[in-house]
Amino acid sequence: MKKRQVVVKKSNSNTTSSASMIQRIRYGECQKNHAANIGGYAVDGCREFMASGEEGTTAALVCAACGCHRSFHRREVDEVVYEGSSTSEM
């Protein structure tokens, strides 16, 4: 079973409106160039970031599949805007 790390950010900057925006962030394939020191280009083929440890630890920033830091993986942001006052259940 694949583990997928999803970071959810809630922001409600406009206090007069009842709309809130949620950003879902996931990390895709690894973009680290392993042959940069010899002037080439080669990636390891890691298709998706899987955290090595629990959220809140330093191991959560290391990919279990390829061993690279999370910042080498392509970041995908999905923004969802919810209207109404029923956002407290998310």
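Residue I25 is located in strand β2, where strands (E, at least two residues) and helices (H or I, at least four residues) are DSSP runs numbered from the N terminus. The structure is a predicted model, in which local features need pLDDT of at least 70 and side-chain atom pairs count only at pLDDT 80 or more, whereas totals for chains, interfaces and linings use all residues. Residues are numbered from 1 along each chain as its sequence is written, and side-chain values use heavy atoms, with hydrogens and water left out.

With a relative accessibility of 2%, I25 counts as buried; buried means under 20% relative accessible area, exposed means over 50%, and partly exposed lies in between (1.4 Å probe, protein chains only). The C-alpha atoms of I25 and V77 are 4.6 Å apart, although 52 residues separate the two along the chain.

The protein chain contains three strands and zero helices, and its pattern along the sequence is β-β-β. Of its 90 residues, 23% are buried. Contacts (heavy atoms within 4.5 Å) were also examined by separation in sequence: among those in the protein chain between residues at least 6 apart, 47% join residues at least 24 apart.

Confidence is expressed as pLDDT, the predictor's confidence in each residue, from 0 to 100. The protein chain has an average pLDDT of 81, and 72% of the residues score at least 70. Confidence is highest in β2, at a mean of 90, and lowest in strand β1 (residues 6-11), at a mean of 58. Where pLDDT is low, the predicted coordinates should not be read in detail.

Four salt bridges are found in the whole structure, a salt bridge being a side-chain nitrogen of Lys or Arg within 4 Å of a carboxyl oxygen of Asp or Glu. One of them joins R26 and E76, whose closest N and O atoms are 2.7 Å apart. This pair links distant parts of the chain, with R26 in strand β2 and E76 in strand β3, 50 residues apart. R26 is partly exposed, at 24% relative accessibility, whereas E76 is buried, at 17%.

A salt bridge also forms between the side chains of E29 and R74, with an N to O distance of 2.7 Å. Because E29 lies in strand β2 and R74 in strand β3, the pair ties together parts that are 45 residues apart in sequence. The side chains of E29 and R74 are likewise joined by a polar contact of 2.7 Å. A polar contact is a pair of N or O atoms within 3.5 Å; within protein, one must be able to donate a hydrogen and the other to accept it, and residues adjacent in sequence count only if both atoms are side-chain atoms. Leaving aside residues up to four places away in sequence, E29 touches C46, R47, E48, F72, H73 and R74. The C-alpha atoms of E29 and R75 are separated by 8.7 Å, the two residues being 46 apart along the chain.

R74 has a relative accessible area of 35% and is partly exposed. Its side chain meets that of E76 in a salt bridge (2.8 Å, N to O). Through shared partners, salt bridges join R26, E29, E48, R74 and E76 into one network.

Aromatic rings were considered next. A pair of aromatic rings is described by the distance of the centres and the angle of the planes. Rings of Phe, Tyr and Trp (its six-membered ring) pair if their centres lie within 6.5 Å; planes under 30 degrees apart count as stacked, over 60 as edge-to-face and the rest as tilted. The structure holds one aromatic pair. In this pair, the ring centres of Y27 and F49 are 6.0 Å apart and the planes stand at 65 degrees, so the arrangement is edge-to-face. Y27 lies in strand β2 (residues 20-30) and F49 in the loop between β2 and β3 (73-82), so the pair ties together parts that are 22 residues apart in sequence. Both Y27 and F49 are buried.

A further ring contact involves K32, whose charged end sits over the ring of F72, 5.1 Å from the ring centre. The criterion for a charge over a ring is that NZ of Lys or CZ of Arg is within 6 Å of the ring centre and within 35 degrees of the ring normal. K32 belongs to the loop between β2 and β3 and is partly exposed, with a relative accessible area of 27%. Beyond residues up to four places away in sequence, K32 touches A42, V43, C68 and F72. The C-alpha atoms of K32 and A42, 10 residues apart along the chain, lie 8.1 Å from each other.
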